[in-house]
Amino acid sequence: MAFTGRYEVESEDNYDAFVKCIGIPSDIIEKGRNFKIVTEVAQNGNDFVWTQIYPTGHSMTNKFTIGKEADMETMGGKKFKATVKMEGGKVVADFPNYHHTAEIAGGKLVEISTAGGITYKRVSKKLA
């Protein structure tokens with residue numbers, strides 16, 4: 001499947017401005033600034049298991065099916081319900097305070113989140 005794999009953060013743009021905008025506490029922003037987050041994606045048709053693993057050992061998993069409402073969690077730990085869509089090969093989700101897209105481009109996982117006019121881009125290289 002297109003998204004299935006294990007990816008490690010390679011680069012980030014606008015991390016500080018974005019996480020401040022969505023209300024992440026400054027001590028957490030500081031800790032997360034240079035984290036090499038690993039993202040594991042398992043895709044089976046329209047079913048996804050999307051896990052982010054932090055160097056601290058903490059992980060966050062969202063399980064969803066394209067087009068169906070699912071219980072989700074934000075990067076700040078807030079629980080919410082969302083319907084994830086597939087648009088032009090991109091996984092698209094509206095979180096409570098930001099819009100998120102993810103796609104595979106050039107063999108890399110490219111994630112873009114937008115809030116309050118600030119765009120955060122994270123590019124992760126494939127590990128496996």
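How many nonpolar, polar and charged residues does the lining of the largest pocket have? By class there are 11 nonpolar, 6 polar and 4 charged residues, where Ala, Val, Leu, Ile, Met, Phe, Trp, Tyr, Cys and Pro count as nonpolar, Asp, Glu, Lys and Arg as charged, and the others, Gly among them, as polar.

## Ground rules

This is a predicted model, in which local features need pLDDT of at least 70 and side-chain atom pairs count only at pLDDT 80 or more, while totals for chains, interfaces and linings use all residues. Residues are numbered from 1 along each chain as its sequence is written, and side-chain values use heavy atoms, with hydrogens and water left out.

## The largest pocket

The largest pocket holds about 440 Å³ of space. A pocket here is an open set of points on a 1 Å grid over the protein atoms alone, with protein on both sides within 12 Å along at least five of seven lines; lining residues have an atom within 4 Å of a point. Volume is the space filled by probe spheres set on the points, and grid points are joined across faces, edges and corners.

Its lining counts 21 residues, and Ile28, Gly32, Phe35, Tyr54 and Met75 lie nearest the centre. Helix H2 (26-32) gives the most, with 3 residues. H1 and E11 also each supply at least two; helices (H or I, at least four residues) and strands (E, at least two) are DSSP runs, numbered from the N terminus.

The model has 1 cavity of 30 Å³ or more, a cavity being a set of grid points where a 1.4 Å probe fits but cannot get out. About 230 Å³ of space lies in the largest cavity. Of its 19 lining residues, Trp50, Asn62, Phe95, His100 and Glu111 lie nearest the centre. The lining divides into 12 nonpolar, 4 polar and 3 charged residues.

## Aromatic rings

The structure holds 10 aromatic pairs, meaning rings of Phe, Tyr and Trp (its six-membered ring) with centres within 6.5 Å; planes under 30 degrees apart count as stacked, over 60 as edge-to-face and the rest as tilted. Phe18 and Tyr120 are stacked, because their ring centres lie 5.4 Å apart and their planes meet at 15°. This pair links distant parts of the chain, with Phe18 in helix H1 (residues 15-21) and Tyr120 in strand E11, 102 residues apart.
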